[in-house]
Amino acid sequence: MLRRVLSHIGLIVACMIVLLPILWVLRTSLVPERLSYSTAIFPELTLDNYRALFGQKNFGTNYLNSLIVAAMSVVLSMPLAAMTGYAFARFRTGGKFARFATLASQMLPPVALALPVFMLYRLAGLTNSLTGLTLAYAAINLPFLTWILMGFFESIPEELEGAAMTDGATRWGAFWRIVLPVATPGIMAAAVLGFILSWNEFLFALILGGSKTATVPVALAALQTSNGVQIAQVSAGVSLAILPLLIAVRFIQKYLVQGLSFGSVR
């Protein structure tokens with residue numbers, strides 16, 4: 001009994017550690033700027049911070065830019081990641097070197113790629129455009145998504161594809177009709193992770209974008225004024241920024257849990 005009580009207390013403490021900062025950000029977004037550092041829980045409630053974001057800071061456009069770039073980068077990168085991950089899992093394409101190169105590309109600090117990418121984009125005329133940001137995010141996320149999906153495909157028994165090909169299916173048909181449906185939880189989990197990575201990315205959005213293509217992280221960084229950081233408006237922006245992630249995780253929670261556990265079982 002005592003062990004059970006202690007475990008519940010531990011879980012409550014862990015939940016408070018995770019949730020309290022988020023709840024405090026939400027609380028700060030609902031109080032006036034002059035009371036943002038007050039220790040009172042709700043000294044005065046107002047929606048002025050949200051009105052200022054959308055009325056004065058053009059936050060709606062930044063929000064839409066982030067949604068478009070994050071969603072389209074996932075749409076572009078997922079088919080390529082699925083086919084590449086399948087090739088790595090089934091045909092050992094490129095051998096161990098290709099796998100290591102895929103993983104090693106994620107170890108490079110983003111700032112090492114920022115200048116070369118900016119020069120290429122400048123020559124191609126892709127700076128300050130949502131298309132350029134979408135392509136950059138798709139390229140950045142592709143190795144990570146490939147590595148994740150490779151693990152999922154390796155977890156699927158090859159006998160399933162063998163049975164399909166015995167019945168007359170081609171290799172592509174077996175991949176399309178058998179492997180992809182079985183790997184749906186993993187694909188959904190990878191898509192959510194790719195969306196989150198693109199949504200939170202800051203460096204390339206700052207370097208490659210402009211005032212018209214600024215995303216949410218860049219817009220939040222721009223809230224620093226000569227009077228200091230407008231912490232209440234920043235909190236309102238952060239509260240709005242995590243909203244799509246919470247909605248996405250809530251609707252595909254089942255696939256996310258299944259996918260993450262599916263890929264870990266070999």
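Which element gives the most to the lining of the largest pocket?

Hi everyone. This is a predicted model, where local features need pLDDT of at least 70 and side-chain atom pairs count only at pLDDT 80 or more, while totals for chains, interfaces and linings use all residues. Residues are numbered from 1 along each chain as its sequence is written, and side-chain values use heavy atoms, with hydrogens and water left out.

Let's start with the pocket. The largest one holds about 450 Å³ of space. A pocket here is an open set of points on a 1 Å grid over the protein atoms alone, where a 1.4 Å probe fits, with protein on both sides within 12 Å along at least five of seven lines; lining residues have an atom within 4 Å of a point. The volume is the space filled by probe spheres set on those points, joined across faces, edges and corners. Of its 17 lining residues, Gln106, Leu113, Ile140, Asn141 and Phe204 are closest to the centre. Two or more residues come from each of α5 (110-124), α6 (130-155) and α9 (184-200). Helices are DSSP runs (H or I, at least four residues), numbered from the N terminus. And the answer to my opening question is α6, with six residues. The lining divides into 12 nonpolar, four polar and one charged; nonpolar means Ala, Val, Leu, Ile, Met, Phe, Trp, Tyr, Cys and Pro, charged means Asp, Glu, Lys and Arg, and the others, Gly among them, are polar.

Now, α9 again. Helix α3 (residues 59-91) packs on α9 at about 140 degrees, with the axes 9 Å apart. Axes are lines fitted to C-alpha atoms over the stretch in contact, and angles run from 0 to 180 degrees between N-to-C directions. That makes α3 oblique to α9; under 35 degrees would be roughly parallel, over 145 roughly antiparallel, 65 to 115 roughly perpendicular, and the rest is oblique. In the contact (heavy atoms within 4.5 Å), α3 residues including Tyr63, Leu67 and Met78 meet α9 residues including Ile187, Phe195 and Trp199. By class, that contact has 11 nonpolar, four polar and no charged residues.

What about α8 and α9? Their axes come within 4 Å and cross at roughly 65 degrees, which makes α8 roughly perpendicular to α9. Leu180, Pro181 and Val182 of α8 meet Thr184, Pro185 and Ile187 of α9.

Finally, helix α7 (residues 158-166) packs on helix α8 (residues 171-182) at about 135 degrees, axes 9 Å apart, so α7 is oblique to α8. Leu160, Glu161, Ala164 and Met165 in α7 make this contact, with Arg171 among their partners in α8. Here two charged residues join seven nonpolar ones, with no polar residues. Thanks, everyone!
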